[in-house]
Amino acid sequence: MAGSVYYDEKLSGKRLERCYRIASPRVEQYFEAEIRHVLDRIRPTDAVLELGCGYGRVTTRLAKAARRTVGIDSAAGNIAYARSLDTEESCEFLILDALALGFPDKAFDVVVCIQNGICAFNVDRQALVLEALRVTRRGGIVLFSSYSDRFWPYRLAWFETQFAEGLVGPIDYAASKNGSIVCTDGFRAGRMTPGDFSELCTALGVRFTTCEIDDSVVFCEIAN
């Protein structure tokens, strides 16, 4: 099952929010480290786009640092719930495909795709990067993140908790290896190593840097 279909049908809105609320303290530390790294790259004058915004957990944080913030997601349930939670209407939430954003060229200063969206979307990764770059202004940046292999035990335990809560299906332990989580109900998400990001960006001929923070997050920053 494609990632967008899975989230739309099984893990959107309040169910997705629940996944984050039941996270362990170590996973919560990872969430915060990831967001803070992104916030450090945003200026008050920036227009920011988040791909795969879910229910707006990150988007609303980014809005406090930016001039304009837009979150997009392909799951209608996520966008509806994000709009209901954003009572101050500080963000714009739209149902859009990350491979066909519909925005004009160079519309944003920063494009963000974190929480392993590059893998969880289950789409063509080269096409995803190119579309993100298309809507990024000259001198702007695109930020992708994935899981560090050092974080694997905590990530697996988090999904075990999600299964225990009835949010995802049973984990297929035989298939869940080499950085991939696989559930018997169709959920599947791998991860990108620094080498994977390097191979992807080199193939596209784009300028990039990678770093690992908190022993949990691998970031790839692409300059436009």
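**Entry 1: the whole protein**

I began with the helices and strands. The protein has nine helices and nine strands. I keep in mind that this is a predicted model.

Next I looked up how compact the fold is. The radius of gyration is 16 Å, close to the 17 Å that the globule rule gives for 224 residues, so the protein is as compact as a globular protein of that length. I also noted the box that the C-alpha atoms fill. Along the principal axes, this box is roughly 45 × 40 × 30 Å.

How much of the protein is buried? I found that buried residues make up 54% of the 224 residues.

**Entry 2: helix α5**

I picked helix α5, residues 76-85. Which of its residues are buried? I listed Asn78, Ile79, Tyr81 and Ala82. Looking down the axis of α5, I see these buried residues fall within an arc of 165°, so they line one face of the helix. An α-helix has 3.6 residues a turn, so residues three or four places apart point the same way.

What covers that face? The cover of the buried residues includes α2 (14-21), β2 (68-73) and β3 (92-95).

I took asparagine 78 to start with. Its place is in helix α5. Is asparagine 78 buried or exposed? Its relative accessibility is 1%, and the cut-off for buried is under 20%, so asparagine 78 counts as buried. I then checked its contacts, leaving aside neighbours within four places in sequence. Asparagine 78 touches Leu11, Ser12, Gly13, Leu16, Gly54, Tyr55 and Asp73. I also looked up a distance to glutamate 17. Asparagine 78 and glutamate 17 are 61 residues apart in sequence, and their C-alpha atoms are 9.3 Å apart.

Isoleucine 79 came next, also in helix α5. At 1% relative accessibility, isoleucine 79 is buried. I set aside its neighbours within four places again. The contacts of isoleucine 79 are then Cys53, Gly54, Gly71, Ile72, Asp73, Phe93, Leu94 and Ile95. Phenylalanine 93 is 14 residues from isoleucine 79 in sequence, and 6.1 Å from it in space, C-alpha to C-alpha.

**Entry 3: valine 70 in a strand**

I moved to strand β2, where valine 70 lies. Strand β2 is part of what covers the buried residues of α5. Valine 70 is buried, at 0% relative accessibility. What does valine 70 touch, neighbours within four places in sequence aside? I noted Val48, Leu49, Glu50, Thr59, Glu92, Leu94, Phe103 and Phe108. I also followed the chain to valine 111. Valine 70 and valine 111 are 41 residues apart along the chain, with their C-alpha atoms separated by 9.6 Å.

I looked at α7 (residues 125-134) and α9 (residues 194-204). At what angle do they pack? I read about 65°, with the axes 10 Å apart. The crossing of α7 and α9 is right-handed. On the α7 side, the contact is made by Arg125, Gln126, Val129 and Leu130. On the α9 side, Leu200, Ala203 and Leu204 take part. I sorted these residues by type. Five are nonpolar, one is polar and one is charged.

**Entry 4: positive phi**

I checked for positive phi in residues other than glycine. Asparagine 178 has a phi of about 50° and is not a glycine. Where is asparagine 178 found? I located it in the loop between α8 (152-164) and β6 (181-182). Asparagine 178 is exposed, with a relative accessible area of 63%.

Aspartate 215 sits in the loop between β8 (207-213) and β9 (217-223). Its relative accessible area is 47%, so aspartate 215 is partly exposed.

**Entry 5: proline 25**

My last stop was helix α3 (residues 25-39), which holds proline 25. Is proline 25 buried or exposed? I found it exposed, with a relative accessible area of 67%. I then looked up tyrosine 154. Proline 25 and tyrosine 154 are 129 residues apart in sequence, but 9.9 Å apart in space, C-alpha to C-alpha.

How values were computed
Residues numbered from 1 in each chain as written. Predicted model: local features only at pLDDT ≥ 70, side-chain atom pairs only at ≥ 80, totals over all residues. Heavy atoms only, no water. Buried < 20%, exposed > 50% of the residue type's maximum accessible area, 1.4 Å probe, protein only. Helix = DSSP H or I, 4+ residues; strand = E, 2+ residues; numbered from the N terminus. Arc of directions from axis to C-beta. Contact = heavy atoms within 4.5 Å. Axes fitted to C-alpha atoms, helices over the stretch in contact; angles between N-to-C directions. Left-handed = near helix turned anticlockwise from the far one by under 90°. Nonpolar A, V, L, I, M, F, W, Y, C, P; charged D, E, K, R; others polar. Rg over C-alpha atoms; globule rule 2.2 N^0.38 Å.
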